[in-house]
Amino acid sequence: MSYVRWVAGIAVLGLFFGGIVAATAGRMWDHHGSGRLGARMIVGSLALAVLFGLGYTLISQFAGATA
């Protein structure tokens, strides 16, 4: 399970930094589609990070309550 958490965390970080690169490239070369996609990637990665944190906490509490 810990490997899955690490892979998910790395994926969220990759999505965040990929969004920064896409948004920056879209603004530098005046490509609006890339800029919008980068912004969506950044917001999506932040939402996934919140869900990742909440999900792990909830699962840990439910597993502890049943034991």
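**Figure 1. Leu13 and the nonpolar patch on the surface.** In this predicted model, Leu13 is part of helix 1, which covers residues 2–28. Leu13 has a relative accessibility of 47%, so it counts as partly exposed; the label "exposed" would require over 50%. Leu13 belongs to a nonpolar surface patch together with Trp6, Ile10, Phe17 and Ile20. The accessible area of these residues together is about 560 Å².

**Figure 2. The ring pair of Phe16 and Phe17.** The chain has one aromatic pair. The ring centres of Phe16 and Phe17 are 5.4 Å apart and the ring planes stand at 75°, so this pair is edge-to-face; the cut-off for that class is over 60 degrees. Phe17 is also one of the residues of the nonpolar surface patch. Phe16 has a relative accessible area of 25% and is therefore partly exposed, because buried means under 20%.

**Figure 3. Val43 and Phe16.** Val43 is found in helix 2. In sequence, 27 residues separate Val43 from Phe16, while their C-alpha atoms are 8.1 Å apart in space. Is Val43 buried or exposed? Val43 is exposed, because its relative accessible area is 57%. Phe16, by its value of 25%, is partly exposed.

**Figure 4. Leu46 and Leu15.** Leu46 is another residue placed in helix 2. The C-alpha atoms of Leu46 and Leu15 are 9.3 Å apart, and the two residues are 31 residues apart in sequence. The relative accessible area of Leu46 is 47%, so Leu46 is partly exposed.

**Figure 5. Asp30 in the loop between the helices.** Asp30 lies in the loop that runs between helix 1 and helix 2, the latter being residues 32–66.

**Figure 6. Arg27 and Gly38.** Arg27 is a residue of helix 1. Its relative accessible area is 76%, so Arg27 is exposed. Arg27 and Gly38 are eleven residues apart along the chain, and 9.9 Å separates their C-alpha atoms.

**Figure 7. Arg5 over the ring of Tyr56.** Which part of Arg5 sits over the ring of Tyr56? The charged end of Arg5 does, at 4.0 Å from the centre of the ring.

**Figure 8. The whole chain, for orientation.** The secondary structure consists of two helices and zero strands. Along the principal axes, the C-alpha atoms fill a box of roughly 55 × 20 × 10 Å. The radius of gyration of the chain is 16 Å, whereas a compact globule of 67 residues would have a value near 11 Å. Of the 67 residues, 13% are buried. The chain exposes about 5200 Å², and 75% of this area comes from carbon and sulfur atoms.

Key
Residues are numbered from 1 along each chain as its sequence is written. This is a predicted model: local features need pLDDT of at least 70, side-chain atom pairs count only at pLDDT 80 or more; totals for chains, interfaces and linings use all residues. Side-chain values use heavy atoms; hydrogens and water are left out. Patches are made of residues with over 30% relative accessible area and no salt bridge: like charges are joined within 9 Å, nonpolar side chains (Val, Leu, Ile, Met, Phe, Trp, Tyr) within 5 Å. Accessible areas come from the Shrake-Rupley method with a 1.4 Å probe; for residues, only the protein chains shown count as cover. A salt bridge is a side-chain nitrogen of Lys or Arg within 4 Å of a carboxyl oxygen of Asp or Glu. Helices (H or I, at least four residues) and strands (E, at least two) are DSSP runs, numbered from the N terminus. Buried means under 20% relative accessible area, exposed over 50%, partly exposed in between (1.4 Å probe, protein chains only). The radius of gyration is taken over C-alpha atoms; the globule rule is 2.2 Å times the number of residues to the power 0.38. Rings of Phe, Tyr and Trp (its six-membered ring) pair if their centres lie within 6.5 Å; planes under 30 degrees apart count as stacked, over 60 as edge-to-face and the rest as tilted. A charge sits over a ring if NZ of Lys or CZ of Arg is within 6 Å of the ring centre and within 35 degrees of the ring normal.
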